[in-house]
Amino acid sequence: MIWNPIAECMGKEEKEEMQLSLLQKQVKRVYENVPFYKKKFDEAGFHPDDLKTMEDLSKIPFTTKDDLRQAYPFGLFAVPEDEIIEIHSTSGTTGTPVVSGYTQKDIDIWGECIARAIGMAGGDKHSKIQNSYGYGLFTGGFGIDHGAKYMGATVIPMSSGNTARQLKIMEDFQSDILTCTPSYAMYLAESLEKEGFTADDISLQAGIFGAEMWTEEMRKSLEEKLGITAHNIYGLTELMGPGVATECEHQTGLHIQEDHFYPEIIDSDTGEILEEGQKGELVLTNLTREGMPVIRFRTKDITALRRDECPCGRTTVRMDRITGRSDDMLKIKGVMVYPSQIEAAILQVDGLTANYQIHVSRPKTLDEIEVKVEASPEVFSDEMKKIEEFERRVARKIQNTIGISVDVTLVEPESLPRSEGKAIRVIDERNFD
Amino acid sequence: MNVKQLSVFLENKEGKLKKAVNAMSQKGVNIRALSIADSSKYGILRLIVSDNEAAKEALESEKFTVKETEVIVVGVKDEPNGLNTILEILEKESINVEYLYAFVSTKVDEAIVVFKIENYEEGVKALENGGATLLSKEDLDEI
């Protein structure tokens, strides 16, 4: 069902008019209330009054993740702290965390966006939503929670983990919609099989899965194993959380909630705005957020926008599923990992050099990382036991830095492929196309 | 002089062992004894060779990681219970053997066993006190 036909099926002109007016107000607000933006706009020679048409948006400088980090924790709030009623944060595994603050209105908008997502997945106020995203500072759990309640549906706040219980509740409560990361959904589906259940024993109709990249094959497999339609949801803590965009039943891209987020696709090298259908980096602007509006945020996610008609009747622009990143960030088991973090951990170990290679694969449904390091005489031993101990020690060191477990393997010196003298650092065998 | 074993890191890849052996033979190095320890990921080639310096140089020039380790070489009667007598000496002193390998020579009627013991000095002392025949580098050169 279409939760909000007025917003989701708006005519082109009306929508563009509304977006311009919202953007003008938003840009003025941040200029007046957030010193960071005033400084940034002034330095770029841009004044809110210069924003006459949507084309003028390109005059506004981008906001980067580093900008948000520097503002840690509350530097980008555009309202007095009293008005913030909820705070979320990234995990900070890749450096200073990014904090996101929400007013009551922001939480309502979040709920509205999630309600639309649930609608796209065929849900309504009668649906029981088993929410297996983690509850906490992570936006997944609470985001879905807000939306389910906003809509008047029933939320089952499972959070992640405790698989046996998840399956029992799914069966006993007859959950209609499952929300979690696709890899956790796959894990649940496989556990279900192992326990001897079939899709007929549960009454799930749909899944809303996001927070990590996944493939069409994975979708098919999830749909078959769980007897559902699987919907991709996109979002990011910096702008709100999940619900920025979601797939409808036609699965032809994710409908972006354009009355709240303004999307652009840019060439990540030149910053130039690309045309509809061209692949590039997604840039998003909060049109309506009060607590912490983010203007022209470089998401680093690679996608393309599609404005052709969707058979569902929604007129909102669609984005392709995310197929990559414009930086070297890897998302492994839903956690952001930068090769530089792994490098830093490796360099703390005597005898290891910056020649290493990170292999990411997904042999079945869960991501695995293997880190290959070169065996210098200092770390090599005539005893297998000692080499294996060494590998485990390095693995623990890396795990302490990035928060997820890895396998470490010694390889011969200078055996790692190099390009222009530098080792090729990352081989990601997962295929998201 | 004490006997030093060379250990070479070998990836589980086709032709690696041959490459290592070939590098040494080109420099006229004779392999007296060898053993390979392996896991699913890689192997450790352990060698007693005629000339450690030349072997090391040859291997390192081929980018192999090489390490020298002191090992204890014992002449063991080539008959039933031969090895057992030696192991009994070590057992009595509660000394653990990390690994061992053996070879025979046509020139002597003893089997030659290479022991890696975590504490080298302790191992030598125990074996000497127990009456084992310890062989030096020079002894090995002659057999």
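**View 1. The loop that holds Ser159(A).** Ser159(A) lies in the loop between strand 4 (154-156) and helix 7 (163-172) of chain A, where helices (H or I, at least four residues) and strands (E, at least two) are DSSP runs numbered from the N terminus. This is a predicted model, in which local features need pLDDT of at least 70, side-chain atom pairs count only at pLDDT 80 or more, and totals for chains, interfaces and linings use all residues. Residues are numbered from 1 along each chain as its sequence is written, while chains are lettered from A and ligands numbered from 1 in the order in which they are written. Although Ser159(A) is not a glycine, its phi is positive, at about 60°. Ser159(A) counts as partly exposed because it has 17 C-beta neighbours inside 10 Å (buried means 20 or more other C-beta atoms within 10 Å, exposed 12 or fewer, partly exposed in between, with C-beta atoms placed from the backbone).

**View 2. The loop that holds Ala211(A).** Ala211(A) is found between strand 6 (206-210) and helix 9 (216-226) of chain A, in a loop, and its phi, near 80°, is positive in a residue other than glycine. With 26 other C-beta atoms within 10 Å, Ala211(A) is buried.

**View 3. The cis peptide bond at Pro73(A).** Tyr72(A) and Pro73(A) are joined by a cis peptide bond, with omega about -5°; Pro73(A) sits in the loop between helix 4 (65-70) and strand 1 (86-89) of chain A. Most residues other than glycine have a negative phi, and most peptide bonds are trans.
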